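Please look over the model shown here before reading on.

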Amino acid sequence: MIVIKSQADIEKMRVSCWAAAEVLQAVAALVQPGVTTAQLDAAAGDLIKKYGGKSPFLGYKGFPCHTCISVNEEVVHGVAGKRRIQYGDIVSIDVGIVLNGYVGDNATTVAVGVIEPRTQQLLDVTQQALVAGIAAARVGNRVGAISHAIQTTVEAQGFSVVREFVGHGVGKRMHEDPQIPNFGRPGDGAKLKPGMTLAIEPMINAGVSEVQMLADGWTVVTADGQPSAHFEHTVLVTEGDAEILTWLKKSPFESKAR
């Protein structure tokens, strides 16, 4: 069942999404050669606690970390540990926070220094695909319009879409209906209505679309060892353009203080 958010729900989600975006930006700024993924995850945990929230990832079906940190060929759900970031890596960071009973969810991929031109293109195209998907999140369209916009943007540049993992609705729970594949036809899926809140998240590979699971049972990697990028925003479907709730703007905490 797709949950249509009330105005009160939306205002609470603005706060959780703003906090998630703040944490993501702060952790991304810490990425540099020599830092371990465990250090990045610990920093995220401290920041989430600072905002009075908790991670929706930690403990989810046994997941052991506050965030998902995936390096190079790791696609999503990377488990933080002793791995040290190297110059030339790309690091995908997925941050969620539960605050006031609502989830904010977002992700970015960070280049560490100068990276290969094709890898930089991968990051650029994945961001372009996210923008295209958000632009398609309009009343009257179906979920498939988002999926199709992402897929066509990506495949036109010779990259591939991960098919085993998808975007999703988000609200009181981290994963709500509808599922939002990053591939599909414009006429497929549920109709988009005002008040729907969606986590749109292209997961794009430089090589083949196929992925594999590592022995830890969580970390997903590309089947051919080529790099993968991941960008995500939580958005609100409105009567006009979708509103990006995880776009950093004036703090909602400030307005509450007044």
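## Basis

This is a predicted model, in which local features need pLDDT of at least 70 and side-chain atom pairs count only at pLDDT 80 or more, while totals for chains, interfaces and linings use all residues. Residues are numbered from 1 along each chain as its sequence is written, and side-chain values use heavy atoms, with hydrogens and water left out.

## The largest pocket

The largest pocket holds about 550 Å³ of space. A pocket here is an open set of points on a 1 Å grid over the protein atoms alone, where a 1.4 Å probe fits, with protein on both sides within 12 Å along at least five of seven lines; its lining residues have an atom within 4 Å of a point. The volume is the space filled by probe spheres set on the points, which are joined across faces, edges and corners.

The lining has 25 residues, and Y60, H77, V166, H168 and H175 lie nearest the centre. By class, 10 are nonpolar, 6 polar and 9 charged. Ala, Val, Leu, Ile, Met, Phe, Trp, Tyr, Cys and Pro count as nonpolar, Asp, Glu, Lys and Arg as charged, and the others, Gly among them, as polar. Strands β6 (167-169) and β7 (176-180) each supply at least two lining residues, and β7 gives the most, with 3. Strands are DSSP E runs of at least two residues and helices are H or I runs of at least four, numbered from the N terminus.

β6 and β7 are also partners, pairing in the antiparallel sense over 3 bridges; two strands pair if DSSP finds at least two bridges between them. G167 has I180 of β7 as its bridge partner, and the hairpin that joins β6 to β7 runs through 6 residues.

## The second largest pocket

The second largest pocket has a volume of about 380 Å³. Its lining has 19 residues, of which A107, T108, H233, T246 and W247 lie nearest the centre. Two or more residues come from each of α1 (7-29), β4 (102-111) and α3 (117-135). The most come from α3, with 5 residues. By class, this lining has 12 nonpolar, 6 polar and 1 charged residues.

## Strand β3

In strand β3 (residues 90-99), 10 of the 10 residues are buried, so the strand is largely enclosed by the rest of the structure. Buried means under 20% relative accessible area (1.4 Å probe, protein chains only). I90, S92, D94, G96 and V98 point one way, V91, I93, V95, I97 and L99 the other way, and all are buried.

β3 pairs with strand β1 (residues 68-71) in the antiparallel sense over 4 bridges, with S70 opposite S92. β3 and β4 also run antiparallel and are joined by 10 bridges; I97 has G104 of β4 as its bridge partner. The hairpin of β3 and β4 has 2 residues between the strands, and N100 takes a positive phi near 55° there.

## A three-stranded sheet

An open sheet of 3 strands has the order β2-β11-β10, with antiparallel pairing. β2 (74-76) and β10 (211-213) stand at the edges with a single partner strand each, so one side of each is left without a neighbour in the sheet. Neighbouring strands of this sheet are turned by 40° against each other on average, direction ignored, with axes taken as lines fitted to C-alpha atoms. β10 and strand β11 (residues 220-222) are joined by 3 bridges, and M213 stands opposite V220 in β11.

Methods
Buried < 20%, exposed > 50% of the residue type's maximum accessible area, 1.4 Å probe, protein only. Axes fitted to C-alpha atoms, helices over the stretch in contact; angles between N-to-C directions.
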